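Please open the structure in a viewer and keep the sequence beside it.

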Amino acid sequence: MKQETGETWCQSHLADQQLHRLLEKVDADLAQEVCQKGCGYCGGRLHRADYERKPRGGPEWDRRYSFCCAQQDCRRRRTPESVRFLGRRVYAGLVVVLITTMIHGLKPARVRRIREALQIDSRTLKRWRRWWLDRFVRSSFWKAARARFIPPVCEQTVPLSLWLRFDLEGHQRLLAVLEFLSPITTPAAWKELTM
Ligand SMILES: [Zn+2]
């Protein structure tokens, strides 16, 4: 298997409009599913009440789907899972996943070059890496999800170790990883994963 973790590979994913449209389609489907189910508290109809977002490093995704219960006395919010927005991260999910996967084992000078090309400061990158190794592997999501992987995924080398388990071609692999992570992207689940 070809080691798909070069800089060019990363850049091409980040600029891949077909991939962007695919992620948009998946998010639209996730939103539709949530909307059809209605309010989880009172069964009322859900109305669109999107969040304004401006994720860096990805395409112009300025709205995150979200809904609000139409019942006057309920009005509860319901935000669907997403393959585009990783919780409240400033960067699009694909940027966080691709960069933290790609920089594994690279020399510091090379990491710096990539980081500078994408205008990500070193503290941000350090925070992302710590997040995988700490918050992510200790989350209830991961504790339940890791059982699916036999043999177990190495928790000291996430996200690369996780990435390598999704043996798919081209951008299907990134999509699969983002879909796998999507349960943590809702505001309720994300709370546990912020530091
Ligand atoms: Zn309701």
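The stops below begin with a metal site, continue through helix packing and end in the loops.

**Before starting**

This is a predicted model, in which local features need pLDDT of at least 70 and side-chain atom pairs count only at pLDDT 80 or more, while totals for chains, interfaces and linings use all residues. Residues are numbered from 1 along each chain as its sequence is written, and side-chain values use heavy atoms, with hydrogens and water left out.

**Stop 1: the zinc ion**

Select the zinc ion together with Cys39, Cys42, Cys69 and Cys74, whose SG atoms coordinate the zinc ion at 2.3 to 2.4 Å. Donors here are N, O and S atoms within 2.8 Å of the metal (3.2 Å for Na, K and Ca); water is not among the atoms, so sites may look incomplete. Along the sequence, the donor residues follow the spacing C-x2-C-x26-C-x4-C.

What is the arrangement of the four donor atoms around the zinc ion? The angles that they subtend are 97 to 114°, which makes the arrangement tetrahedral; four donors count as such if all angles lie between 85 and 135 degrees. Cys69 and Cys74 are both buried, a term for under 20% relative accessible area, with exposed meaning over 50% and partly exposed in between (1.4 Å probe, protein chains only).

**Stop 2: helix H3**

Next, select residues 93-102, which form helix H3. Helices (H or I, at least four residues) and strands (E, at least two) are DSSP runs, numbered from the N terminus. Ten of the ten residues of H3 are buried, so H3 is largely enclosed by the rest of the structure. Thr101 belongs to this helix and is buried, with a relative accessible area of 1%. To judge distance across the model, draw a line from the C-alpha of Thr101 to that of Ala147: the two residues are 46 residues apart in sequence and 21 Å apart in space.

Which helices surround H3? Its buried residues pack against H1 (7-14), H2 (17-37), H4 (108-117), H5 (122-138), H7 (160-163) and H8.

**Stop 3: pairs of helices**

Two packed helices are described by the angle between their axes and the distance between the axes. Axes are lines fitted to C-alpha atoms, for helices over the stretch in contact, and angles run from 0 to 180 degrees between N-to-C directions.

Show H1 beside H3. Their axes are 11 Å apart and the packing angle is about 175°; H1 and H3 are therefore roughly antiparallel to each other. Angles over 145 degrees count as roughly antiparallel, under 35 as roughly parallel, 65 to 115 as roughly perpendicular and the rest as oblique. Glu7, Trp9, Cys10, His13 and Leu14 of H1 meet Leu94, Val95, Leu98, Ile99 and Met102 of H3, where contact means heavy atoms within 4.5 Å.

On the H3 side, select Gly93, Leu94, Val97 and Leu98; they meet Leu174, Val177, Leu178 and Leu181 in H8.

Finally, show H2 with H8. These helices pack at an angle of about 30°, with their axes 11 Å apart. That makes H2 roughly parallel to H8. Residues of H2 including Leu19, Leu22 and Leu23 take part in the contact with H8, where the partners include Leu174, Leu175 and Leu178.

**Stop 4: loops with particular backbone geometry**

Move to the loop between H6 (140-145) and H7, where Pro151 is found. The peptide bond from Ile150 to Pro151 is cis, with omega near -10°. Pro159 also has its place in the loop between H6 and H7, and a cis peptide bond with omega of about 5° joins Val158 to Pro159.

Select Arg75 in the loop between strands S4 (67-69) and S5 (77-78). Arg75 is not a glycine, although its phi is positive, about 55°. Arg75 is partly exposed, with a relative accessible area of 41%.

Technical notes:
Four donors count as tetrahedral if all angles lie between 85 and 135 degrees; four count as square planar and six as octahedral if opposite donors are over 155 degrees apart and all others between 65 and 115; anything else is irregular.
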